[in-house]
Amino acid sequence: MNRRVVRNILLIIVALFCANVTYAQKTLIDDVVAIVGDEAILHSDIEAQYQQALIDGVNYSGDMKSHILEQLLIQKLMLNQANIDSIIVKDSEIIGQVDARVNQFIQQLGGQDKLEEYTNKPLIQFRVEQMEFMRTQMIMQRMQEEITKDIKITPSEIRSYFDKVSPDSIPNIPAQYELQQIVVYPAVDQKEIDRVKGKLRDFQKQVSEGRDFATLAVLYSEDKGSASRGGDLGWYSKSGFVPEFSAAAFNLTEKGKVSKIVETEFGYHIIQLIDRKGDRINCRHILMKPKVSADNRKKATEYLDTIAGFINNERMTFEEAAMRFSMDKDTRSTGGLMINPQDGAVKFQLSEIPAEIAKAIQGLEVGKISKPFQMIDERRGKETYRIVMIRKRHEPHKANMRDDYSMLQQLMEDRKCKEAVDKWIRKRQSEIYVNISPEWRNSEFEYKGWVK
C-alpha cells in the first residue's frame, strides 16, 4: 500500500540540508540541547533549521524552536530504532539523488563557485554532507513504512468511518475535470536541421583548435539549466540520461574529448567528457534546438483542425484519434487521458491544470474539443500544439463514497498511519534515555513524555 510521509513529523527535518550547513555558523555556541540514547542535539541544529524555516516562510502558530527541537527528538528516536533493526541505506541507493540535488543547487545559485561561496565549503564536502542528509531522510521514511506496514484499509472500514463522521468534517471537493489531449510536434525543415548541425560541427572544430568548450556552451547552448555553468551537467550514471545521450557520453574515454553530434528528444548535442569515476561520468554539453518555421506552425494547427473534424464528424472517437495521431507518448496509449501528477488520478482541480490548458478549456462544454493552441513541453523544452477535450466535469460537492472513494481511502489511511506513528513515538519515549537541558524543558511539545 502506498504510504504518504506523515507531514507534521517531517515538516522541518526534511528541509533542504543546505540550510543546515549554511546557517550553523561558528559564532553559535554549540551547547548540547538534548540527548536521545547516545545521540546529541546541538543548539546549532535548531538554529539552522529555524533560519531555514524563516526563509521558507513556514507558518507555525506556536513556538517554532520548540517545534523544531521536537522534530529532531523524533528523528533521533527513529534513527536509534533503525540502527537496532539494522535498517541501512547503501551509497548506491542515494548517489543519483544526491547528484541531482547538488546539480539543482548549482543551477539555482549560478555555478559551482557560487554554491561554494554560499555554503562556505568546497563542493566535495558539501556533497558528503548531502549524502548524509539523504541517508537520514531515507532511513526515516523506511522506519515509518516499517511502523505502518500492517495497516490495511477495508471498504467496510471506510464506509463505517464515512457513516459515523460528522457532516461538518466531510471535506468539500471543488470542481474537478477529466481531460484528454492530442499533442503534435510541428515539423522542422531539413534546412534548419542542417543549419544546427553545421553550427555544432563548427563548435567541434573550434574546440579541436583550442577554443574552450565551456565558453562556447555559455555563449550558444540552449540548455538554460547548464549553459551558465559552461554546459556542466554534473555527475551521473547511465540511467541519468536519455538513452541516445547516455550512449554517446559513456563512449567518451578521454578527458576533453568531444562526441559526435547526438540527436535526442531535446534537440541536437555535442558532449565533452570532464571526468569519469567508476560507473559515473561528469560531462558538459552544448544543446541546440532547430527552430520551427511559421509555415510549419500553421501546418500543425491545420493538422489538429483536421483531426478534430474527424472526431466531430464521428469518423473516430477522441480516444481512437489520440492513439493514432498523438505524439505524446505519456498519454497516447490511454486515448489521450491526462494523469494528474499530484496523485496519479485522472481528476484535476482547476488550480492543478497547466495555465495554457486551463485557458483553452475556459467556457468549453463537456465533450467538445478546444481550438488548437501552442504549449511548451516543459520537460523537453520543445514547442508543441495540442487540442484538449473535457471528458467529464465533476461539480463541487461534499465528498461521497461513490465519487470520492479513493480520496476517502487515502484520508483514512493517513489518519491511521499518523495514529500508529504517534503510538510508536509515545512507546519509544518511555523506553529510551532522553535528557533535555533545563532551559529547554518547558518547551511547547506535542508529546509530553520527553521530560522524565
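I start with a definition: two strands count as paired if DSSP finds at least two bridges between them. The model is a predicted one.

**Entry 1: the pair β4 and β11**

I looked up which residue in β11 stands opposite Gln180. Met389 is the residue facing Gln180. Strand β4 covers residues 176-184 and strand β11 covers residues 382-394. I noted 9 bridges between the two, and they run antiparallel. In general, strands of a sheet pair through backbone hydrogen bonds, in a parallel or an antiparallel way.

**Entry 2: the sheet around them**

I then traced the sheet and found 4 strands in the order β9-β4-β11-β10. The sheet is open and its pairing is antiparallel. At the edges I have β9 (348-349) and β10 (373-377), each of which pairs on one side only.

**Entry 3: helices on the sheet**

Helix α13 (residues 294-312) lies across β4, β10 and β11. I noted an angle of about 25° between α13 and β11. Helix α14 (residues 318-325) also packs on the sheet, where it touches β4 and β11. The direction of α14 makes about 40° with that of β4.

**Entry 4: strand β10**

Which side chains of β10 are buried? I found Phe373, Met375 and Asp377 pointing to one face and buried. Strand β10 is joined to β11 by 5 bridges, and the two run antiparallel. Within this pair, Gln374 stands opposite Tyr385 of β11. The hairpin of β10 and β11 has 4 residues between the strands, and there Gly381 has a positive phi near 65°.

I looked for positive phi values in other residues and wrote down two, Ser86 and Glu314. For Ser86, phi is near 60°. Ser86 sits in the loop between α4 (64-84) and α5 (91-109). Exposed means over 50% relative accessible area, so Ser86 counts as exposed at 58%. For Glu314, phi is about 60°. Glu314 sits in the loop between α13 and α14. With a relative accessible area of 71%, Glu314 is exposed too.

**Entry 5: Ser259**

Is Ser259 buried or exposed? Ser259 is buried, because its relative accessibility is 6% and the limit for buried is under 20%. I placed Ser259 in the loop between α12 (243-251) and β6 (262-264). Beyond its neighbours within four places in sequence, Ser259 contacts Gln204, Leu252, Ile270 and Ile271. I also checked Leu273, which is 14 residues from Ser259 along the chain; their C-alpha atoms are 8.4 Å apart.

**Entry 6: a surface patch**

Val218, Leu219 and Tyr220 form a nonpolar patch on the surface. Together they have about 270 Å² of accessible area. Val218 belongs to helix α10 (residues 213-220) and is partly exposed, at 46% relative accessible area.

**Entry 7: totals**

Of its 452 residues, 47% are buried. The C-alpha atoms fill a box of roughly 75 × 65 × 35 Å along the principal axes. The protein exposes about 24,500 Å², and carbon and sulfur atoms supply 49% of that area.

Technical notes:
Residues are numbered from 1 along each chain as its sequence is written. This is a predicted model: local features need pLDDT of at least 70, side-chain atom pairs count only at pLDDT 80 or more; totals for chains, interfaces and linings use all residues. Side-chain values use heavy atoms; hydrogens and water are left out. Patches are made of residues with over 30% relative accessible area and no salt bridge: like charges are joined within 9 Å, nonpolar side chains (Val, Leu, Ile, Met, Phe, Trp, Tyr) within 5 Å. Accessible areas come from the Shrake-Rupley method with a 1.4 Å probe; for residues, only the protein chains shown count as cover. A salt bridge is a side-chain nitrogen of Lys or Arg within 4 Å of a carboxyl oxygen of Asp or Glu. Buried means under 20% relative accessible area, exposed over 50%, partly exposed in between (1.4 Å probe, protein chains only). Contact means heavy atoms within 4.5 Å. Axes are lines fitted to C-alpha atoms, for helices over the stretch in contact, and angles run from 0 to 180 degrees between N-to-C directions.
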